[in-house]
Each structure stands twice: as structure tokens, then as C-alpha cells.
Amino acid sequence: MKLPRMRTVLIVGGVALVAGAAAFHAWGVAHVRKVTGNEPQGMPSCIDCHRGGGPAKYERGIARPTPVDLAADPRGRLVYAACGAFQRVAIVDAESAVLLRFIAVPGDATGVAVSPKGDLLAVSLDDQKAIVFVDPAEDRIVGRVEVGLEPKGLAFNADGTLVFVANSGSGTVSVVDVAARTERLTAPAGRDPYRVAVSRDGARAAVVARMASLTTPEQVPTSELTLLDARTGAIVNRVALPSCHLTEGLAFSPDSARVLVPTLRVRNLLPITQVARGWVMSSVLASVDVATGAVSLFPLQSVNRAFPDPAGIAVSADGATAFVAASGAHVVASMDMRAMRVAEPLCDASKDERFSLSVLWMRGRTDVREMPGDVEFVGTGTKARVAVAERLGDSIALLSAAGGALVARVALGPAVDADAPRRGIGVFNSAEFAFQGDFSCRSCHPDGHTDGLTYDFEIDGLGRDVVLNRSLQGIRGTAPFKWNGLNPTIQRQCGMRFATVLTRADPIPEAKLDDLVAYLESMPPPLPPAGKDPARAFTTTAVERGTALFFRMKTKKGVAIPAEQQCVTCHPPPHYTHLQRADVGTGGDHDNTSSFDVPHLTGIGRKAPYLHDGRARSLEEIWTMPGVEDHHGVVTDMNKNELNDLIEFLRSL
Amino acid sequence: MKPILRLAIPVLAAAGVVAFIALRSVGASDDARAAEGPDVRPEPMAADPWAAPADLAKPVLYFDRWETLTTKDGLPSDRVSSVLAEGDDLFVGTERGFAARRAGKWTTWGKAQGLPHGFVTSVARDPAADVTWLGTMKGLVRISGGKVEVFTQKSSGLQNDVVYHVRVDGALLWCATPAGISVLDTKSGSWSLFDQDNSIMAEPWCYSVATGPERVWFGIWAGGVVELNRRTGAFRDYHDPDGELEVDLLKDDGALHEVTSFISYDSGMLWQTTYFGVARFDGHRWRSYGEKDEGIPGDFVVHVAGRGHTGYIATDQGFGVIDGDANVCVSYKRGKDGRTAVRTLTKGKETDVRTYDTGPASDYATWVQPVADGIWVATGAGLSHGFAAKQ
């Protein structure tokens with residue numbers, strides 16, 4: 001065949017190229033419109049959504065306009081919603097129940113706050129270690145401040161000079177100077193600080209820690225409420241909330257005397273022999289006296305009616321009514337705050353709560369869409385509304401502030417058929433699969449992670465095999481499952497046996513189980529806690545030295561390390577697990593076996609405590625506790641410096 | 001042209017165009033984000049650690065009235081090891097626990113309150129966040145909001161449980177231990193360690209840390225002073241050129257001695273204390289001060305606090321002040337009558353002798369801190385507060 005002439009080739013090729021580019025552009029615009037419901041912003045590339053390969057985050061059902069945090073404009077009718085991985089802040093007119101527009105932000109928006117004058121927004125960017133300031137009148141970014149890892153909730157102080165930011169990944173609160181656009185200070189704030197509130201009198205800021213602080217396995221877990229001076233940012237008090245965890249909301253009482261915290265009380269020190277009547281966990285409203293730190297616990301559930309996964313709370317301006325969301329039951333309850341005050345002497349935190357008392361203050365429940373989160377009062381008088389972030393509904397429900405009836409619903413995006421991972425999120429966060437709807441998967445695995453607590457399942461003997469709850473983030477490709485590696489699939493892990501030993505109800509239906517698995521497999525591992533700061537050169541080489549130690553095959557003296565004792569044998573990349581069981585000498589007297597599923601190490605820095613029973617509260621303690629000399633890798637020839645390098649490498653995974 | 005090239009050229013050209021478009025779109029989105037707001041970054045640090053500020057603190061040499069706090073006032077022990085004053089608040093480390101006086105009220109912490117050991121070697125504060133750090137003989141302690149948290153060599157990156165000195169440096173916490181220097185980045189939770197294996201330390205026994213613009217100094221037992229440029233990670237060290245551990249042969253020839261008991265930095269001046277006197281370094285020249293020639297209270301010096309170009313020292317023979325620029329040394333010593341003899345030497349010659357009715361509780365001084373109205377001196381018999389004499 002005679003080849004075409006060069007000129008012809010060039011002309012035909014050029015035309016084909018232009019035509020192809022135009023067709024691709026048209027397809028891309030239609031594609032972005034379809035999956036996001038919005039016009040393409042600028043000129044996005046494929047890599048924007050398909051970063052790292054694999055399904056786009058839109059297709060996984062994650063990057064939708066999911067309202068994760070709300071803020072009400074103090075001037076009246078507007079509600080701002082931080083929409084997570086959608087990287088937008090939605091502006092909703094609560095009076096007319098209309099979505100006005102979105103403001104684009106350069107990161108995953110996990111928190112939003114409005115200045116006292118309503119002229120400035122502060123938005124947490126979860127994936128950027130930063131917050132940005134936004135002028136809502138001009139939809140323009142007007143400042144950016146570096147804060148801690150994975151910032152979540154934030155709040156302005158009363159005069160708008162400071163912003164308090166809960167850094168969930170760092171365990172700190174950042175205090176940001178608004179005018180100077182700088183971080184004034186960082187202070188410790190418990191484990192996974194999540195939401196912030198400022199008192200009406202401007203004196204105090206409160207930060208609630210979502211997770212219980214790390215303790216030894218036999219200690220009662222406590223989460224923490226950090227109280228700060230709202231004018232200076234200095235820590236005033238760190239109040240322990242006994243037995244509490246998964247605290248995701250808080251509000252000051254209007255008289256600024258109390259902080260109200262919906263939370264779960266977990267009873268992980270009891271063997272799980274039943275579920276009823278809060279045996280495993282119950283939901284309460286913790287009331288903390290700001291002046292004294294005294295804690296009262298008001299049950300949110302009744303004897304036979306659970307209130308799973310309490311989330312956001314909003315208190316009316318007169319202090320008479322509060323609305324609390326139950327994320328696992330898809331309801332918002334209204335509460336009589338005055339009745340609570342009368343019954344307070346009966347609700348001391350040192351006692352077990354009396355569920356029957358809840359009828360005194362729980363008024364009614366309003367059904368909302370799946371996974372209600374933050375709750376905010378907006379508007380005044382007859383137009384006062386309670387805005388509810390319907391996280392899985394991608395919408396904001398507007399309830400009547402008078403009685404809690406649903407008045408309107410504002411959709412933040414077009415209705416899209418939910419795919420398997422999206423449906424799986426619903427299964428994961430619903431308490432319908434547990435006996436009496438007591439808890440959901442999320443109750444122990446917030447955002448698919450771990451609560452860091454140990455549990456004793458009855459089936460292997462009371463007091464036997466007390467095991468650490470493990471993170472589900474990044475488990476794709478890491479079968480087998482369960483601490484003893486006996487479950488080859490997630491379906492098996494979460495199927496019939498799970499219903500028998502934990503939820504004590506009918507097993508999750510097969511189709512929904514498949515959706516659940518799809519969701520679990522879609523989650524990436526947690527972000528590593530350590531960051532490299534080029535301003536401090538000496539912190540970057542530790543990871544490099546640690547890498548060499550992890551992969552070494554000889555000791556410092558040149559002696560060959562047996563293959564079974566080399567770190568990389570059991571923990572090879574990419575998941576840093578060889579997907580088998582191993583006995584590394586960590587079995588205890590209460591264990592039925594000493595051979596455990598080798599955990600994957602991606603995100604290990606965020607998965608404290610460690611070992612199958614959680615006895616090591618830090619990575620160091622894996623090797624510094626007695627009884628594991630050179631059974632769990634060869635470390636006894638390392639000095640402290642080298643051990644630290646190894647740990648810095650692990651923290652970087 | 002070969003046929004294959006006739007096909008290859010347009011194909012390659014098309015591929016190049018596609019690649020250009022793809023890269024341009026990525027760049028465009030990044031540019032769009034970068035253009036959305038002002039770039040807010042901290043100002044770069046000063047490059048010269050030896051530059052003296054224009055508003056150099058003036059030396060205060062005389063303190064004519066003293067008051068002493070003891071266990072009767074709320075301290076857990078009279079044997080006071082360290083003190084830190086913040087305005088009217090006081091934070092005191094003793095051999096039997098820690099005490100804090102806030103708004104006139106004392107609160108004490110001992111083992112019952114969660115301290116791993118009663119001997120508190122040093123106190124450091126992050127006043128903005130109201131966080132207190134303690135060095136103890138059995139671990140590092142953080143106290144905030146009333147909560148006590150302990151870091152040990154087994155539970156954290158701390159090199160050794162014996163923490164001689166702690167120093168807050170922005171988001172970093174420096175800890176001097178017998179096994180080296182441990183640094184905690186309080187924002188990320190990462191630890192960095194320095195010892196004889198990864199630095200130029202001759203040995204890891206570190207007694208103290210001083211921080212300044214871009215540089216950190218370690219005071220090392222039998223290791224002189226080691227300087228770290230924390231931006232580049234480069235080290236340099238300062239040794240006694242004598243090479244003698246028993247005596248200081250030549251004055252002003254370098255670091256005074258290899259055994260550094262403490263170091264302090266302020267306003268372009270680094271102070272080194274040893275068991276053979278005190279030295280200071282202005283970035284170019286070392287000057288040393290001893291009991292015999294310069295008139296410090298004693299050569300066994302355990303602590304120095306630099307303020308401006310003045311060094312306030314704690315020795316086992318009394319409390320002293322060194323005005324380095326004027327070469328004036330003032331020593332405070334208790335007489336047998338309980339009064340305090342104050343002797344001043346200027347350029348080695350006695351120029352003033354006076355007596356005060358009150359003075360530091362004991363000549364065994366362990367820690368000093370100059371404050372706005374005078375000086376705090378920790379001693380083996382209580383914590384003494386000296387008020388500056390009217391000039």
C-alpha cells in the first residue's frame with residue numbers, strides 16, 4: 001500500500017485532532033455537569049477527580065454537596081454549609097428555603113463559621129492543614145492561615161478578633177488572629193478535637209474531643225472538653241467526660257454557664273453479652289458547669305427507644321428548647337431544657353443514667369433524611385427555623401423552631417441515583433441493624449476509623465480475647481479480617497456472625513451488605529500525622545533513616561537477621577502486611593491464641609493504641625514494653641535515636 | 001523522508017498537543033487556586049544571632065530588700081530547684097513537687113497528683129496557651145487545664161526519663177537529658193533526637209538548652225557547648241582550648257570549660273556556666289569570670305539567666321550579678337549574723353561593699369530569674385524574691 005503524502009497526513013491529522021479535542025471537551029463538560037450537578041469550574045483536568053487512579057471521588061459518592069457543618073448568619077436568614085469534599089460552601093436562605101449559590105474553596109470544607117458582624121467566613125480545609133477567610137459578599141478568599149492537621153469545627157469569638165479551630169488530626173486547638181491572619185497559639189485539646197463553640201458572653205470557648213483519651217485497656221475511657229479564655233486563647237480547664245466518646249456537637253447555654261454536649265456513653269469494659277438497655281452504649285446529653293467543671297449526664301434515650309449517634313445540638317435564645325440530632329436514627333429531637341434543670345440532681349455523672357427520666361425533657365422527634373449532623377437556629381420570631389444538615393441527603397432540612405415540624409427542605413444538588421458505596425454509607429451510619437436501634441457501625445468506627453477502645457465479645461469466653469477495635473480505613477486489599485485473621489472477606493466479617501456476637505438482631509440483608517462492603521473498600525487509609533517542614537531540616541532525615549531500618553536485613557553489627565524477624569517480611573508494601581497471621585510474642589494470658597492477623601501499617605500513626613489488645617498506647621511502647629524483645633522484629637540493637645527514626649518512618653506511612 | 005517518519009511526525013505532534021492541553025489544565029486549576037487569596041507566610045527569622053537589640057535591657061545590680069517563700073507559704077519543699085515568674089504568677093519546681101501561684105492562690109502537684117517523680121528539675125511555660133512543662137527525674141510532664149500528662153522514654157520519643165532542662169521554643173519543646181537532646185514538635189507530635197551518634201556532641205549528657213534566632217545551643221557535660229542551626233541542620237561546637245578538666249589555664253581563650261552546667265542566651269549574648277566560673281560569648285569573643293579575679297560569689301556555678309548583656313548567676317556560694325559590658329561583678333553572701341554582704345568588683349578591683357538586712361535565704365543558690373521589679377533566687381532554704389534597689 002502506498003503511504004500518503006506528508007501534507008495530506010498533516011492536514012488530516014490536524015483536523016482529526018481538533019475534532020477530537022472538541023468532542024472530548026463537550027463530553028467532559030457534560031460529564032462534570034452530570035456527576036456534580038454544577039458547571040465546570042475553570043478548566044478541570046481528569047486528574048482533579050481521579051487523583052491517584054481508581055474511581056473518581058464523585059463516583060464513590062463522597063464528593064457530593066454533603067453538608068458537614070453549618071453556621072447561621074447572626075443577622076438573620078442565611079445559613080452557610082461547609083460541603084466537605086465538594087470543596088464548596090453553600091449559602092442557603094432559610095426564610096425562602098432557597099439555595100442561593102456556592103462559594104468555591106481550595107480544599108475539603110469541613111467547618112464553617114461566621115463572624116459576629118456576618119461580614120467574614122472562616123472555613124476549615126481538612127486536606128490542607130489550613131483555614132481560609134472568605135468575604136461572602138464578594139465570594140472571594142481574603143486570607144489563609146496554616147493550622148494543624150485535619151481542621152474541623154471552628155468559631156469566632158464574640159468580638160470577631162480570634163478564630164478557634166479544632167485540629168482533629170493533631171489533637172490541638174489553634175487560635176488564629178483574624179486581623180493579622182496568623183496562628184497565635186496551639187494548645188492540646190484531647191483526642192480528635194472536633195467542634196468549637198463560643199459563649200454568648202464572650203468569655204469562654206469550648207472544644208469537644210470526639211474520641212476518648214488514650215488510657216490503659218482496663219481504665220474507663222473519658223473524652224475531653226477543653227475550655228479556653230475566648231479573649232486570649234489560654235486553656236482554662238480540661239474537663240473529663242466519664243465514659244464518653246463520639247462527641248460531635250456542643251453548644252453553650254444562653255446564660256453561658258454551661259456547655260451542652262450530646263455524646264455516647266460506652267461500656268467497653270463490660271463483656272458484650274447483650275445490647276438492650278444501653279449495655280454496650282447509651283446516649284446522653286452532658287451538661288458541663290463552666291465555672292466548676294461539674295458534669296451532669298441527661299439520658300437522651302428511653303428504656304426501649306434508643307437515640308443512636310447523637311450529633312449536633314442547638315439551643316434556643318431563651319434557653320428553653322434544644323434540638324439534638326440522632327445521626328443513626330435519622331431524627332432530630334426537641335428537648336425541654338427547663339425540665340432538665342429540675343431533674344439535674346438525679347443526673348450526676350458518677351452514677352449510671354436512668355433512662356426513664358428522659359421522658360421528662362424529650363418532647364418529640366422529627367424524621368429527617370439520613371445521617372443528620374449539625375443543627376443551627378436561624379432567624380427570629382415566627383420565621384425562626386432549625387437548620388439540620390442532612391449529610392446523606394445532601395440537603396438542609398428547615399424545622400419550625402416552635403415545635404420542630406419540618407417546614408421545608410433545601411436540596412444542595414441534583415438528585416443522583418446512589419451507587420453502591422453511597423448506599424453503603426447509609427448502611428454504615430444507620431442503627432437499624434442493631435437491636436432496638438442502639439448503635440450503628442459508626443458508633444465504634446467514626447468515619448470508618450477506630451474509637452481506640454478494646455471490647456470483650458462473649459462468644460470467645462468472658463474475659464478472653466479482649467481485643468482492640470481496628471480502623472476500617474484503607475482495608476481494601478488487606479484480607480483476611482478480624483484480629484485473628486479468620487474472616488476471609490468483609491462480607492463474612494460483617495455478616496451472620498457479626499449479628500450474633502454484636503448487633504444481636506437480624507443480619508444485614510445481603511444486598512445492603514454488598515453496599516456496605518463497597519463503602520468500606522472505598523475508604524483510603526488515614527493521613528499520616530507527621531509533616532515535613534522544610535524550615536526544620538533535621539526533621540526530614542529521620543524518615544529516611546527509619547526507612548532503611550525498616551527494610552534492613554542485617555543488624556548494626558552486620559549479623560544477618562532471619563527472614564521471619566525482618567520487618568518487611570510480615571509488613572511488605574504497598575499495604576505493609578503480608579495478609580497472613582503471625583505470632584510475635586504479643587499473646588497474653590487472656591488470649592485464646594497468640595497468632596494474630598498482621599495489620600496493615602498504612603496510616604498507622606493515627607491508629608493508637610496498638611497491638612491486638614491495645615496495651616501499647618504509643619508506637620514506642622510496642623517495643624519498650626517487656627516481653628517482646630526481638631520477637632516482633634529485631635530492635636534490641638537499636639539505640640533510642642534509631643528507634644525514633646523507625647517510628648518516624650512508620651508515622652509517615 | 002522515510003514513510004515511517006511521515007506517520008510518526010504527525011502522531012508525535014498530536015501527542016504533544018494533547019499533553020500540552022492536559023498539563024495546561026492542571027496548571028490552570030492550580031493557578032486559579034493560588035490566585036484566590038493573599039499568600040500569608042511568616043517573616044523569615046533574623047540571620048544574625050549575635051546582633052544586640054537597640055533596646056538592650058539595662059543591668060540591675062543591687063537588690064536591697066528580700067522576701068522568702070517556704071513550705072509555710074505553700075511550697076512543697078524548701079529545697080527549690082527552679083522558678084519561673086510570669087507577671088504575678090509563680091511556677092516553682094522543688095525536690096518534692098511542683099507549685100504554682102495563680103491569682104495569689106497556691107496549687108501543688110506531687111506524685112499523688114500524677115507527677116512521675118517529686119524532683120522537678122525545671123519549669124517551662126507556653127503562656128499564650130497556659131501550658132506548663134516540667135522536667136523531672138522520671139519523665140517529662142505537661143500540665144494544661146489542670147490535666148497532667150506524662151511522657152517517658154518508653155512511651156514517647158523522649159530519650160531518657162531524667163530531664164534536666166525543658167525549654168519552650170514556639171511549637172518546639174527542647175529537653176536536655178543524660179542521653180541527649182529530645183525535641184518535641186507539639187503540632188505534629190514528632191520527636192527529633194540528638195546525641196553523639198548524629199551530631200558533633202562528644203558525649204550525650206546534656207544539662208541545658210538555650211534558644212535564639214535560628215540557632216539552638218546545648219550545654220553538655222564534658223562536651224562544651226554545641227550550636228545547631230535549626231534551619232540548615234548544621235552543627236558547630238565550642239570547647240575549652242585548654243583541654244584541661246581540672247583547671248582553666250588561660251582566661252578568655254574560648255569556652256571556659258568542657259563541663260557546662262548551664263547555658264543561657266539573650267540579646268546576642270550566650271552565657272556558659274561551669275564548675276570553674278562563668279563565660280560569655282558575643283559571637284566573636286569569649287570572656288570568663290571567676291571568683292578570685294572577677295569577684296563572682298563562687299566558681300561552682302549551676303545556673304545563669306542572661307538579660308541583655310547581664311548575667312545573673314546561681315552558685316553554691318551565693319547569688320551574683322555580672323555586668324559584662326562594664327566588667328562589674330556583684331556577689332551576695334550571707335553573713336553569720338544573717339545579714340547579706342554585697343561586694344562589687346569593677347575590672348577586678350573592689351569598688352563597693354555594702355550590707356543589706358535581708359538577702360537570699362541561703363548561699364546555696366540553684367536557679368535565678370530576673371523580673372521587672374527585681375529577681376527571684378531559688379535556694380536550698382526557700383525561694384527568695386529580691387527587690388531592685390532604687391538607682
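Okay, some housekeeping. What we have is a predicted model, where local features need pLDDT of at least 70, side-chain atom pairs count only at pLDDT 80 or more, and totals for chains, interfaces and linings use all residues. Residues are numbered from 1 along each chain as its sequence is written, and chains are lettered from A and ligands numbered from 1 in the order in which they are written.

Let's start with chain A and its domains. The bounds come from an automatic or database domain assignment, and they give domain 1 at 153-414, domain 2 at 422-522 and domain 3 at 537-652. Take domains 1 and 2 of chain A: over C-alpha atoms, their centres are 26 Å apart. How many residues of domain 1 of chain A are in contact with domain 2 of chain A? On the domain 1 side it's 29, against 28 residues of domain 2, with contact meaning that the C-beta atoms, placed from the backbone, lie within 7 Å.

So which elements of domain 1 touch domain 2 in chain A? Those giving two or more residues are strands E14 (204-211), E19 (258-266) and E20. Strands here are DSSP runs of E, at least two residues, numbered from the N terminus. By class, that side of domain 1 of chain A has 19 nonpolar, seven polar and three charged residues. For the classes, Ala, Val, Leu, Ile, Met, Phe, Trp, Tyr, Cys and Pro are nonpolar, Asp, Glu, Lys and Arg are charged, and the others, Gly among them, are polar.

Now, E20 again. In chain A, an open three-stranded sheet runs E20-E31-E32, with mixed pairing. E20 (271-272) and E32 (466-468) of chain A are the edges with a single partner strand each, so one side of each has no neighbour in the sheet. E20(A) runs parallel to E31 (454-457) of chain A, joined by two bridges; pairing needs at least two bridges found by DSSP. One bridge partner pair is A:Pro271 and A:Asp456.

Over to chain B. Is strand E29 (374-379) of chain B buried or exposed? Six of its six residues are buried, so E29(B) is largely enclosed by the rest of the structure. Buried means 20 or more other C-beta atoms within 10 Å of the residue's own, again placed from the backbone; exposed is 12 or fewer, and partly exposed is in between.

E29(B) has antiparallel partners: six bridges join E28 (365-371) of chain B to E29(B), and six join E29(B) to E30 (382-388) of chain B. E28(B) and E29(B) form a hairpin with two residues between them, with B:Val371 opposite B:Gly374. E29(B) and E30(B) also make a hairpin with two residues between them, and there B:Thr379 partners B:Gly382.

Conventions:
Helix = DSSP H or I, 4+ residues; strand = E, 2+ residues; numbered from the N terminus. Contact = placed C-beta atoms within 7 Å.
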